[in-house]
Amino acid sequence: MVLICYPRCTTCKKAETWLNENKYKYEYRNIKTENPSKTELETWYNNSDLDIKKFFNTSGNSYKELKLKDKLPDMTLDEKLDILSSDGMLLKRPILVYNDKIIVGFKESEWSSFLQ
């Protein structure tokens with residue numbers, strides 16, 4: 001299990017605390033210094049039932065500065081994966097990867113179901 005987070009993100013801290021309290025073992029990965037590669041993102045996307053838009057941190061500064069709200073509808077999947085792999089701060093977090101499956105964002109009830 002891999003937890004991909006930004007250390008200063010409060011939602012990431014909540015997710016990490018929840019995993020620790022529930023005694024899950026995981027590898028921690030800093031999304032800023034170890035941004036997921038395009039290959040990883042493509043695998044996770046293909047193994048999920050998520051729309052690629054769910055991978056974007058739509059409230060982040062990088063997303064807003066790049067005006068991605070207006071650009072995403074016209075971008076190909078390949079272009080979206082390229083841009084996501086270029087900057088970890090564009091990714092919604094936390095990301096939990098478990099048995100080749102992925103969950104994005106943190107809601108305790110969803111994580112409980114996901115890890116069953």
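Strand β3 (residues 95-98) and strand β4 are joined by 4 bridges and run antiparallel. Strands here are DSSP runs of E with at least two residues, helices are runs of H or I with at least four residues, and both are numbered from the N terminus. Two strands count as paired if DSSP finds at least two bridges between them. The model is predicted, so local features need pLDDT of at least 70 and side-chain atom pairs count only at pLDDT 80 or more, while totals for chains, interfaces and linings use all residues. Residues are numbered from 1 along each chain as its sequence is written, and side-chain values use heavy atoms, with hydrogens and water left out.

β3 and β4 form a hairpin, with 2 residues between them. N99 sits in the turn and has a positive phi of about 50°.

V2 stands opposite E27 in β2. Strands of a sheet pair through backbone hydrogen bonds, in a parallel or an antiparallel way.

The helices were examined next. Helix α2 (residues 38-46) and helix α5 (residues 77-86) have axes that come within 9 Å and cross at roughly 125°. Axes are lines fitted to C-alpha atoms, for helices over the stretch in contact, and angles run from 0 to 180 degrees between N-to-C directions. α2 and α5 are therefore oblique to each other. Angles under 35 degrees count as roughly parallel, over 145 as roughly antiparallel, 65 to 115 as roughly perpendicular and the rest as oblique. The crossing of α2 and α5 is right-handed; that is, the near helix is turned clockwise from the far one by less than a right angle. On the α2 side, K38, L41, E42 and Y45 take part in the meeting. They meet L77, D78, L81, D82, L84 and S85 in α5. Contact means heavy atoms within 4.5 Å.

Helix α3 (residues 61-65) contains Y63. Y63 has a relative accessible area of 5% and is therefore buried. Buried means under 20% relative accessible area, exposed over 50%, and partly exposed in between (1.4 Å probe, protein chains only). Neighbours within four places in sequence aside, Y63 is in contact with K53, F56, N57, T58, L68, K69, L72 and L90. Y63 and L84 are 21 residues apart in sequence and 9.9 Å apart in space, C-alpha to C-alpha. S62 also lies in helix α3. S62 is buried too, at 17% relative accessibility. With neighbours within four places again left aside, S62 is in contact with D87, M89 and L90.

Aromatic rings were searched across the whole structure, and 7 aromatic pairs were found. The rings of F106 and W111 have centres 4.9 Å apart and planes at 85°, so this pair is edge-to-face. Rings of Phe, Tyr and Trp (its six-membered ring) pair if their centres lie within 6.5 Å; planes under 30 degrees apart count as stacked, over 60 as edge-to-face and the rest as tilted. F106 is buried at 18% relative accessibility. W111 is buried at 0%. Ring pairs link W18, Y24, F106 and W111 into a cluster.
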